[in-house]
Amino acid sequence: MSTVLVLNGPNLGRLDIRDSSVYGTLNFSQLVEFISKEASQLGFVADVRQSDSESEIVGWLHEAADAKIPVIINPAAFTHYSYAIRDAAEMLKVPLIEVHLSNPLAREEFRHTSVISGIATGTVAGFGPDSYRLALIALNGILSK
Ligand code: DQA
């Protein structure tokens, strides 16, 4: 089974406290369980991580670049301004799929910019936890070509 790194940015570890009308009703451990189950059905092992620290996420992207592990990333608020995460993600020679639980384009204007989308293989947003499932399906399609 091949590994996929599923990275999650700041405040996603606190989904139980965040607005459920925007982010849904799963808490972070339930989201991890959902992603792991969907991944294993497609033959992947999901290494799901969450951090509030930009530097930790940059380190994980370096690890993925060195080990050539494909990445699914929900950069959370870092989506909108982290050039450090973008630059680290740009070094990947394997697919990187950006995901969001909500649809940032349907929300406040500051969320309409993603500094990550331009270097991502693709983006899935607005489908709640299914955004991760759809990203896994897309990744499976890319890797089986
Ligand atoms: C998010 C959208 C971001 O704008 C926000 O800062 C998040 C979560 C999403 O999954 O919908 O923390 O990435």
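**Around Gln50**

Modeller: Happy to. Leaving out residues up to four places away in sequence, Gln50 touches Asn8, Gly9, Pro10, Asn11, Leu12, Gly13, Phe28 and Trp60, where contact means heavy atoms within 4.5 Å. This is a predicted model, so local features need pLDDT of at least 70 and side-chain atom pairs count only at pLDDT 80 or more, while totals for chains, interfaces and linings use all residues. Residues are numbered from 1 along each chain as its sequence is written, and side-chain values use heavy atoms, with hydrogens and water left out.

Biologist: Thanks! Which strand does Gln50 lie in?

Modeller: Strand E2, residues 44-50. Helices (H or I, at least four residues) and strands (E, at least two) are DSSP runs, numbered from the N terminus.

Biologist: How far apart are Gln50 and Asp19 in space?

Modeller: They are 18 Å apart, C-alpha to C-alpha, and 31 residues apart in sequence.

Biologist: Switching topic: how many aromatic pairs turn up in the whole structure?

Modeller: The search finds one. It is Phe78 with Tyr81, and the pair is edge-to-face because the ring planes are at 70 degrees, with the centres 5.9 Å apart. Rings of Phe, Tyr and Trp (its six-membered ring) pair if their centres lie within 6.5 Å; planes under 30 degrees apart count as stacked, over 60 as edge-to-face and the rest as tilted.

Biologist: What about the accessibility of Phe78 and of Tyr81?

Modeller: Phe78 is buried, at 7% relative accessibility, whereas Tyr81 is partly exposed at 49%.

Biologist: Where is His80?

Modeller: His80 sits in the loop between strand E3 (71-74) and helix H4 (83-90). It is buried, with a relative accessible area of 14%. Beyond its neighbours within four places in sequence, His80 is in contact with Pro104, Phe110, Arg111, Thr113 and Val115.

Biologist: Now zoom out. What order do the elements of the chain run in?

Modeller: From the N terminus, β-α-α-β-α-β-α-β-β-α, which comes from five helices and five strands.

Biologist: And how much of the chain is buried?

Modeller: 44% of the 145 residues count as buried. Of the contacts between residues at least 6 apart in sequence, 76% join residues at least 24 apart.

How values were computed: Buried < 20%, exposed > 50% of the residue type's maximum accessible area, 1.4 Å probe, protein only.
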